[in-house]
Amino acid sequence: MPILSAMKASEVAAPDDTSRRRWIRGLLGTSLGATIVSFLYPVLRYLVPPITSEPSQSEVELDVKASQIPPNTARIVPFAGKAVLLLRTASGELRALTATCTHLACTVQYRLERSDIWCACHNGTYDLNGTNVSGPPPRPLTKLDVNVRGDRIVIRRA
Amino acid sequence: MSGGTGLSSAEPEPPLRRPNAALGWLRDRLGWDNLTHLAAKKEVPIHRYTAFYYLGGMALFLFLVQVATGILLLLYYRPSASEAFESVQYIMAEVPFGWLIRSIHSWGANLFVGIVLLHMASVFFLKAYRAPREMTWITGALLLFIALGFGFSGYLLPWNELSFFATRVGTDVPAQIPWIGPLLSRILRGGSDVTGATLSRFYGIHVAILPAITTLLLGLHLLLVQKHGMSVPLSVRRDEDRGALRFFPDFLLRDMVGWLVAVGILAALSALLPWELGKKADPFASAPSGIRPEWYFLSMFQALKYLPAKIAGIPGETLGVFLFGLLAFVVAALPLLDPGASRERPSPWWDRLATLVLVAALALTVLALLPAGGAGR
């Protein structure tokens with residue numbers, strides 16, 4: 001109470017001193033704003049995760065032997081931290097495509113009975129070249145190079 | 001202070017003198033007289049829609065069940081990609097009554113979202129959002145979005161196959177927003193993909209960030225309900241006064257009967273249909289066929305299936321995200337978009353629009369539940 005009445009007294013003492021008052025208020029407001037910004041900035045930066053150096057391998061030799069993949073089958077293999085669909089067509093050709101659906105990032109699968117690539121999440125389909133054929137996927141899957149060295153399968157960025 | 005000699009007298013001493021003194025001491029210091037005074041005045045109007053007033057209290061009760069069971073689950077749960085699934089497995093299989101606590105938490109979450117949606121629908125159709133209760137509706141709508149956030153973030157925590165892909169899709173959806181989308185998705189995922197970093201983040205969101213925001217919003221929501229009292233629907237406004245029910249204890253006791261039934265339903269569901277855990281998430285496995293999210297996301301999920309890759313040059317998902325965002329905005333800002341209601345006028349066009357949206361959402365949900373809708377095989 002005494003402080004309040006003292007403040008009121010000072011207001012009464014200088015009723016027309018508005019420009020000084022406005023200046024002080026502006027100064028206080030600006031420094032308060034700057035303080036808040038200086039607190040918020042590191043927090044906002046903290047929320048964005050740092051970009052980790054993703055495995056930059058351009059070539060991976062798989063643990064899978066070429067003979068372990070019979071015609072008309074496929075499997076998911078890791079390549080530089082991402083899922084890759086490694087498939088052998090009915091005619092015996094080995095192909096590798098990125099397995100992340102271009103629609104909303106689910107992992108696609110090979111459909112044996114239809115010999116196509118299918119995403120279970122939103123019913124998107126691709127042909128064996130990775131071209132988006134039906135459903136919501138907007139873009140084709142990315143093709144990777146497949147080579148067989150001895151019996152070892154090597155995948156490389158195309 | 002009554003001595004043995006006092007027993008012989010015919011008139012007993014006034015009982016509970018000391019507790020009253022202690023209560024009086026506390027009352028003087030805490031000053032709850034204002035509260036008891038307010039509580040004594042609190043009333044609930046009686047009319048043909050009175051039953052809908054119980055939905056808010058039911059939502060509040062189910063939320064408190066989530067808080068209690070959630071705290072219990074925290075004691076055993078471990079938020080890391082290598083331990084999360086195993087710790088939930090441990091809760092379900094080894095911890096005494098662990099299956100019960102987790103199943104109540106999972107079933108309760110679904111029941112909670114259902115009751116909140118019913119609560120909202122009744123408030124909408126009875127026009128309880130008209131002046132001066134606009135802010136009560138707006139805080140309620142924000143609480144609904146937070147409830148969905150709770151559902152989405154909690155779904156990932158067991159780190160199973162279904163939740164892994166649901167999170168991949170769910171965090172890729174905001175990435176479709178132009179300009180800030182990819183950054184938003186990165187912030188949500190804690191990286192460029194759904195990994196253990198996402199699990200840590202969702203855990204923090206689920207047990208700290210959302211509860212903190214909820215405490216503020218729910219506090220404001222309940223304060224506004226007390227401040228403005230119960231809204232009487234337009235259609236019964238001009239009817240003759242049918243009186244009111246005292247909140248303490250008449251309405252509250254009726255509330256509590258409902259809560260007891262809710263606990264019974266939760267316990268029965270948990271005992272008969274314990275919540276499944278599924279298979280542990282494997283980032284190098286294909287999304288399983290028949291994958292679909294929780295029922296309250298099914299309509300959005302089904303809509304995403306139907307949106308073609310491009311509509312008039314705009315990517316289908318971007319358009320979808322824009323439509324979902326627009327719907328959320330209209331829901332939250334409804335009292336400001338329907339000023340007629342505040343002038344005590346019915347708003348039949350809003351009723352028709354809302355009915356259309358509800359029927360469409362229901363139809364999409366049913367389509368998503370059909371076997372062909374899920375698998376496409």
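Here is a short chat about a helix, some strands and a chain contact in this predicted model.

Colleague: Where does helix α2 of chain A sit, and how many residues has it got?
Modeller: α2(A) covers residues 18-47, so to speak its whole run is 30 residues. From first C-alpha to last, the helix reaches 42 Å, close to the 44 Å expected at 1.5 Å a residue.

Colleague: OK, strands now. Which way do β3 and β4 of chain A run, parallel or antiparallel?
Modeller: Antiparallel: β3(A), residues 82-88, and β4(A), residues 94-98, are joined by 5 bridges. One of the pairs is Leu86(A) with Ala96(A) in β4(A).

Colleague: And what's between those two strands?
Modeller: There are 5 residues between β3(A) and β4(A), which form a hairpin. In the turn, Gly92(A) has a positive phi of about 100°.

Colleague: Which residue of β9(A) is the bridge partner of Ala96(A)?
Modeller: That's Leu144(A). β9(A) spans residues 143-149 and runs antiparallel to β4(A), with 2 bridges joining them.

Colleague: Switching topic: how many residues does each chain put into the contact?
Modeller: Chain B gives 29 residues and chain A gives 22.

Colleague: Which element gives the largest share on the chain B side?
Modeller: α7(B), with 4 residues. By type, the chain B side divides into 17 nonpolar, 6 polar and 6 charged residues.

Terms used
Residues are numbered from 1 along each chain as its sequence is written. Chains are lettered from A and ligands numbered from 1 in the order in which they are written. This is a predicted model: local features need pLDDT of at least 70, side-chain atom pairs count only at pLDDT 80 or more; totals for chains, interfaces and linings use all residues. The expected span of a helix is 1.5 Å times one less than its number of residues. Two strands pair if DSSP finds at least two bridges between them. Two residues are in contact if their C-beta atoms, placed from the backbone, lie within 7 Å. Ala, Val, Leu, Ile, Met, Phe, Trp, Tyr, Cys and Pro count as nonpolar, Asp, Glu, Lys and Arg as charged, and the others, Gly among them, as polar.
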